[in-house]
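I opened this entry to keep track of what I looked up in the structure. The notes go from the whole chain down to single residues.

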Amino acid sequence: MSESYAFIGLGHLGGNLAASLIRHGFAVTVVDRDPTAVERLVALGATSANTPAEAAARTGNAISCLPSPKVSEAVLAGPGGLLEGLPKGGTWIEMSTNGRDEILRLAALASAKGIETLECPVTGGVHLAAVGKITALVGGDAALYERHRKAIEAMCAKSFLMGPVGSAAVIKVITNMLAFIHLVAAGEALMLAKQGGLDLAQSYHAIVASSGNSFVHETESQLVLNGSYDIGFTMDLALKDLGFALAIAEKSGVPLELASRVNAMFEQGKAAYGGGAWSTQIVKLLEDAVGTELRAPGFPARLEI
């Protein structure tokens, strides 16, 4: 019998990761505040529990995918949290994006109760998570990683053990910082093409085949050109991740001029469109400033693989 896991947090990302586990034959017990999200996973073969503690007691291992360190701490150590249910020797796999200091502090809380921690944030986007092709960035003990590798590989096409707990938080924040910088750059490139009188669809494909291409241009530019902007990731989440990057930079004495400017732009985007707006709408700031939309036929409203 495959190992069983509690899975806490069934949002855009977590719901897809949990579904991949179920598809690969793992026994999964789910908990989420949204009953519709729980029902969706139960229909795929999961069982449900009322609290993280109940789910963890049933399974012995727990995975969480949550929107902020504050929520992660509540799910781990709050009333009815994972530490009340996980047995000594159990594992907490944290797939949320945290800062290095946050994950180290939370892992210490778990360790005090005899629980081992594997940090496992993912990168690549919700659309890749939906088909099990996302990438896992892992921090923790190598033997613990091997123990849970089958589950990680059921959810993720690639995984990289970066070092001890805290290491994955640093590389995850770096990759997200790059993604937001690339997104702003892609928007500026497309606007120059538009104002230069070029066909935007042809410009998109030319950039894909050029030295200026990026993963973000290949994916998120399509959602801008469609007009949906629906990347499944919000302005608030982008600002959280950029904040982590800037905090690491301040502590280590690295001047991040580009990241600081992009962070300020995302603050503008939040002010203009709200923290719940899709992060891809950062390009709408430029569209609004110029007074023209970046649209072309033939691009999808959502990314599919």
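I began with the secondary structure: the protein chain of this predicted model has 15 helices and nine strands.

Next I looked up the overall dimensions. The C-alpha atoms fill a box of roughly 65 × 45 × 35 Å along the principal axes. I then checked the radius of gyration, which is 20 Å for the protein chain; a compact globule of 305 residues would have one near 19 Å, so the two agree.

I turned to burial and contacts. Of the 305 residues, 51% count as buried. I took the contacts between residues at least 6 apart in sequence and found that 68% of them join residues at least 24 apart.

For the charges I noted 23 positive and 29 negative side chains, with the centres of the two sets 3 Å apart.

Which residues of α13 are buried? I listed Met235, Ala238, Leu239, Lys240, Asp241, Leu242, Phe244, Ala245 and Ala249. The list includes two residues with charged side chains, Lys240 and Asp241. I kept the helix geometry in mind here: an α-helix has 3.6 residues a turn, so residues three or four places apart point the same way.

What do the buried residues of α13 pack against? I found α4 (69-77), α6 (100-112), α10 (167-195), α14 (257-273) and α15 (282-290).

At the end of the helix I noted Gly253, which follows α13 and has a positive phi near 75 degrees.

I went back to the loop between α12 (215-226) and α13, where Thr234 is found. Is Thr234 buried or exposed? I put the cut-off for buried at under 20% relative accessible area; Thr234 has 17%, so it is buried. Leaving out residues up to four places away in sequence, I found that Thr234 touches Gly275, Gly276, Ala277, Trp278 and Ser279.

Tyr229 lies in the loop between α12 and α13 as well. I noted its phi, which is positive at about 60 degrees although Tyr229 is not a glycine. With a relative accessibility of 5%, Tyr229 counts as buried.

Terms used. Residues are numbered from 1 along each chain as its sequence is written. This is a predicted model: local features need pLDDT of at least 70, side-chain atom pairs count only at pLDDT 80 or more; totals for chains, interfaces and linings use all residues. Side-chain values use heavy atoms; hydrogens and water are left out. Helices (H or I, at least four residues) and strands (E, at least two) are DSSP runs, numbered from the N terminus. The radius of gyration is taken over C-alpha atoms; the globule rule is 2.2 Å times the number of residues to the power 0.38. Buried means under 20% relative accessible area, exposed over 50%, partly exposed in between (1.4 Å probe, protein chains only). Contact means heavy atoms within 4.5 Å. The place of a charge is taken as NZ of Lys, CZ of Arg, CG of Asp or CD of Glu.
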